[in-house]
Protein chains: 2
Amino acid sequence: MATQAKVPKAEGKNNHDNVDEQADKEQQEAIEQIDEVQNEIDRLNEQASEEILKVEQKFNKSRQPFFQKRSELIAKIPNFWFTAFVNHPQISALLTEDDEETLQYLTKVEVQEFEDIKSGYKINFNFDSNPYFENEVISKEFHLNDTGEPSSKSTTIKWKPGKDLTVKSSTPSKGGRKRNHDEGEQETFFNWFCDHADAGADELGEVIKDDIWPNPLQYYLASEIDEDTGGDLGEED
Amino acid sequence: MATQAKVPKAEGKNNHDNVDEQADKEQQEAIEQIDEVQNEIDRLNEQASEEILKVEQKFNKSRQPFFQKRSELIAKIPNFWFTAFVNHPQISALLTEDDEETLQYLTKVEVQEFEDIKSGYKINFNFDSNPYFENEVISKEFHLNDTGEPSSKSTTIKWKPGKDLTVKSSTPSKGGRKRNHDEGEQETFFNWFCDHADAGADELGEVIKDDIWPNPLQYYLASEIDEDTGGDLGEED
Ligand SMILES: [Ca+2]
Ligand SMILES: [Ca+2]
Ligand SMILES: [Mg+2]
Ligand SMILES: [Mg+2]
């Protein structure tokens with residue numbers, strides 16, 4: 001901040017130039033001193049941010065073994081992640097019928113916050129071998145560089161012939177099912193892996209990181225759409 | 001969370017009831033174990049929040065002497081707070097001509113976060129003796145009770161006769177200036193002290209606490225509206 005800051009002239013009643021000048025000088029000094037105090041406050045704010053970051057890093061580390069254990073348990077439950085995603089209102093709204101078929105092969109989801117937390121995170125999706133693509137893991141990661149510029153990048157999906165869900169199917173692929181989508185851009189969850197336009201505020205990335213990952217069980221259990229149970233959901237009071 | 005959580009039936013290929021039952025039982029156990037792991041994660045999250053709160057409380061305390069020093073310096077500058085408020089776009093937009101006259105008597109602004117931070121904050125406005133009201137201090141404070149319910153309350157302003165800015169002036173008060181406001185509810189900054197409808201997200205309160213209070217000098221110096229300096233603002237490159 002400039003220390004040559006201009007002092008708005010006080011609306012005092014004294015018109016003598018000397019007195020006026022003296023008042024101006026005192027005010028200028030006060031402003032410079034406020035500026036110094038403000039620098040001290042800023043320094044404390046930075047220290048506070050650093051200490052808070054350290055606490056967050058420490059707890060990120062202590063949470064890891066529990067996330068690990070949770071992943072092992074989730075692996076025992078068929079379609080856990082598919083169910084959690086389908087039960088999540090925001091994610092469910094993005095899923096086409098083809099997406100839902102594809103996500104039945106999703107075996108594991110993992111969110112990794114980078115060591116320093118500030119610099120970003122990565123989401124890994126593990127898939128069983130499936131008719132759609134070759135990849136075993138598809139990831140999308142979000143980075144903030146030193147100047148705070150956001151960016152994202154993803155695994156390139158190796159679609160099997162005629163199975164690319166992100167491509168318009170105006171001409172039915174040879175031997176493929178005829179899909180009943182309209183012409184125009186093909187809507188699919190998998191477009192998210194190609195979309196790096198809003199890396200600083202990726203809505204789906206943040207829903208997965210901040211809403212689902214902290215507690216996916218609540219979405220798995222919130223099975224509004226569970227079709228084969230009918231009325232046997234137990235007591236409703 | 002209910003530990004009697006229902007297991008969505010796996011879409012397995014085995015139709016033998018025994019195997020199906022065994023799988024259901026294993027999945028139910030896995031869900032219960034996930035629930036336990038989730039409880040551990042929740043516990044860590046609470047611990048993290050508590051530690052972060054302690055860091056914030058510690059730094060709130062270390063900032064106090066600097067805020068105190070800053071207040072003493074600000075007191076040396078006539079119309080510091082008036083200028084900072086008038087230079088702040090959101091606050092400036094709220095100020096009528098009468099408000100601006102009144103705020104010339106504002107000598108001190110103070111934001112106090114309550115000891116535990118979570119439970120709220122209080123803003124004090126100190127005034128010199130003035131033609132508008134009797135109060136030396138007018139405060140508004142915001143509280144969150146134990147269940148997270150927000151509320152706010154303010155000092156009752158003791159307006160001098162005919163000076164209440166919050167009252168419609170459809171009939172000019174005896175000896176008062178005729179004001180040129182339209183009929184209808186009287187707009188004024190001071191209505192804020194009577195408005196407790198949005199205590200949980202009080203826009204003006206939060207602007208003062210989170211934007212102005214951390215660094216009022218920047219607004220004091222950002223004198224776009226400084227009228228009596230004309231072209232002598234110094235180098236413009
Ligand atoms: Ca001036
Ligand atoms: Ca079921
Ligand atoms: Mg699974
Ligand atoms: Mg002042």
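Reader: How many aromatic pairs does the count come to over all chains?
Author: The structure is a predicted model. Rings of Phe, Tyr and Trp pair if their centres lie within 6.5 Å. By this rule, the count over all chains comes to 38 aromatic pairs.

Reader: Is the pair of A:Phe85 and A:Phe125 stacked or edge-to-face?
Author: The ring centres of A:Phe85 and A:Phe125 are 6.5 Å apart, with 70° between the planes. Planes over 60 degrees apart count as edge-to-face. The pair of A:Phe85 and A:Phe125 is therefore edge-to-face.

Reader: How many residues apart in sequence are the parts that A:Phe85 and A:Phe125 tie together?
Author: A:Phe85 belongs to helix α2 of chain A, whereas A:Phe125 belongs to strand β2 of chain A. The pair therefore links parts of the chain whose separation in sequence is 40 residues.

Reader: Are A:Phe85 and A:Phe125 buried or exposed?
Author: Buried means under 20% relative accessible area. A:Phe85 has 0% relative accessibility, and A:Phe125 has 0% relative accessibility. A:Phe85 therefore counts as buried, and A:Phe125 likewise counts as buried.

Reader: Is the pair of B:Phe67 and B:Trp213 stacked, tilted or edge-to-face?
Author: The two ring centres are 4.9 Å apart. The planes of B:Phe67 and B:Trp213 stand at 40°, so the pair is tilted.

Reader: Which parts of chain B does the pair of B:Phe67 and B:Trp213 tie together?
Author: The parts joined by this pair are 146 residues apart in sequence, and both B:Phe67 and B:Trp213 are buried. B:Phe67 lies in helix α1 (residues 17–74) of chain B, and B:Trp213 lies in the loop between α5 and α6 (216–221). The parts are thus helix α1 and the loop between α5 and α6 of chain B.

Reader: What is the strand order of the open sheet in chain A?
Author: β1(A) and β2(A) pair in the antiparallel sense over seven bridges, and seven bridges also join β2(A) to β3(A). Five bridges join β3 (residues 137–144) to β4(A). The order is β1-β2-β3-β4.

Reader: Which strands stand at the edges of the sheet in chain A?
Author: A strand at the edge has a single partner strand, so one side of it is left without a neighbour in the sheet. The strands in this position in chain A are β1 (106–113) and β4 (150–154).

Reader: How many residues of β2(A) are buried?
Author: Helix α2 (residues 80–87) of chain A packs on the sheet and touches β1 and β2 (120–127). The strand β2(A) is mostly covered. Of its eight residues, the number buried is six.

Reader: What angle does the direction of helix α5 of chain B make with that of β2(B)?
Author: In chain B, four strands form an open sheet with antiparallel pairing. Helix α5 (residues 203–212) packs on this sheet and touches β1, β2 and β3 of chain B. Its direction makes with that of β2(B) an angle of about 85°.

Reader: Over the ring of which residue does the charged end of A:Lys209 sit?
Author: The charged end of A:Lys163 sits over the ring of A:Tyr132, 5.6 Å from its centre. For A:Lys209, the distance to the ring centre is 4.9 Å, and the ring belongs to A:Tyr121.

Technical notes. Residues are numbered from 1 along each chain as its sequence is written. Chains are lettered from A and ligands numbered from 1 in the order in which they are written. This is a predicted model: local features need pLDDT of at least 70, side-chain atom pairs count only at pLDDT 80 or more; totals for chains, interfaces and linings use all residues. Side-chain values use heavy atoms; hydrogens and water are left out. Two strands pair if DSSP finds at least two bridges between them. Helices (H or I, at least four residues) and strands (E, at least two) are DSSP runs, numbered from the N terminus. Contact means heavy atoms within 4.5 Å. Axes are lines fitted to C-alpha atoms, for helices over the stretch in contact, and angles run from 0 to 180 degrees between N-to-C directions. Buried means under 20% relative accessible area, exposed over 50%, partly exposed in between (1.4 Å probe, protein chains only). Rings of Phe, Tyr and Trp (its six-membered ring) pair if their centres lie within 6.5 Å; planes under 30 degrees apart count as stacked, over 60 as edge-to-face and the rest as tilted. A charge sits over a ring if NZ of Lys or CZ of Arg is within 6 Å of the ring centre and within 35 degrees of the ring normal.
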